[in-house]
Amino acid sequence: MKVTIPNGSSFNGRADKFQFHMRQGNQDQHAYDFALAAADAMSSDLDDATGINAPATLQTNGTITQANAIGGATIPQMLEGWRVAGGTLTFENASLVQGSLNAQATGTLRIDGTHRLDGRLDLTASGLAPVLQRYGIAPQILDIGGLIGGLLGGRAPAPRTGQIRLPLTFDRGQLGLGPVRGLALLPPLY
């Protein structure tokens, strides 16, 4: 399967099993609840993003609001209508397991005025070392971030379990992970 994003980039992948379900949610917000699952998924684009060459299992469920504003002749027009209406994409649970990486996230995303992702996902993950190394970040930064977060939060840092809990932020075209801002520059979606 090849998915082309309105900005011209594309994402290639395949999955041995794929399911997608959607049902009407809160009518006042023109919301729809969704669930998606893919097993034994392979994608060179995902491998490149994570630094891991292994099949992946993806699962997510959540809600999209202002779905009534998704309309137009082109995908950019549909996304712009959704953005202007204040549409949000909320992940009640999203998970990715690929090789040693096991990540779960919850949070809400939207599109900002520059057509980039905006929002925050609260990430819980283990096996992040290959991902960080892929982006030239020493994995020890997670220990420092956990220590600082614990001290600023008025609690002792959690013992090392190999699992981290950090926010994944999308802000003004920059991707951030915990204390690290500007992890990647995000192009406009359209």
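In this predicted model, Phe-20 has a relative accessibility of 44% and is therefore classed as partly exposed. The residue is part of strand 3, which spans residues 14-24. Together with Phe-18 and Met-22, Phe-20 makes up a nonpolar surface patch of about 330 Å².

Charged side chains were examined next. Over the whole structure, 7 salt bridges were found, among them the pairs Glu-80 with Arg-83, Arg-120 with Asp-122 and Asp-171 with Arg-172.

The salt bridge between Glu-80 and Arg-83 has an N to O distance of 2.7 Å. Both residues belong to helix 2 (residues 75-84), and because they are 3 residues apart there, about one helical turn separates them. The relative accessible area is 23% for Glu-80 and 23% for Arg-83. Since the partly exposed class begins where the buried class, under 20%, ends, Glu-80 is assigned to the partly exposed class, as is Arg-83.

In the pair formed by Arg-120 and Asp-122, the closest N and O atoms lie 2.7 Å apart. Arg-120 is partly exposed at 45% relative accessibility, and Asp-122 is likewise partly exposed, at 37%.

For Asp-171 and Arg-172, the corresponding separation of the closest N and O atoms is 3.0 Å. Asp-171, with a relative accessibility of 36%, is partly exposed. Arg-172 reaches 70% and so counts as exposed, the threshold for that class being over 50%.

How values were computed
Residues numbered from 1 in each chain as written. Predicted model: local features only at pLDDT ≥ 70, side-chain atom pairs only at ≥ 80, totals over all residues. Heavy atoms only, no water. Patch = residues over 30% accessible without salt bridge, like charges linked within 9 Å, V, L, I, M, F, W, Y side chains within 5 Å. Areas by Shrake-Rupley, 256 points an atom, 1.4 Å probe, with all protein chains shown as cover. Salt bridge = Lys/Arg side-chain N within 4 Å of Asp/Glu carboxyl O. Helix = DSSP H or I, 4+ residues; strand = E, 2+ residues; numbered from the N terminus. Buried < 20%, exposed > 50% of the residue type's maximum accessible area, 1.4 Å probe, protein only.
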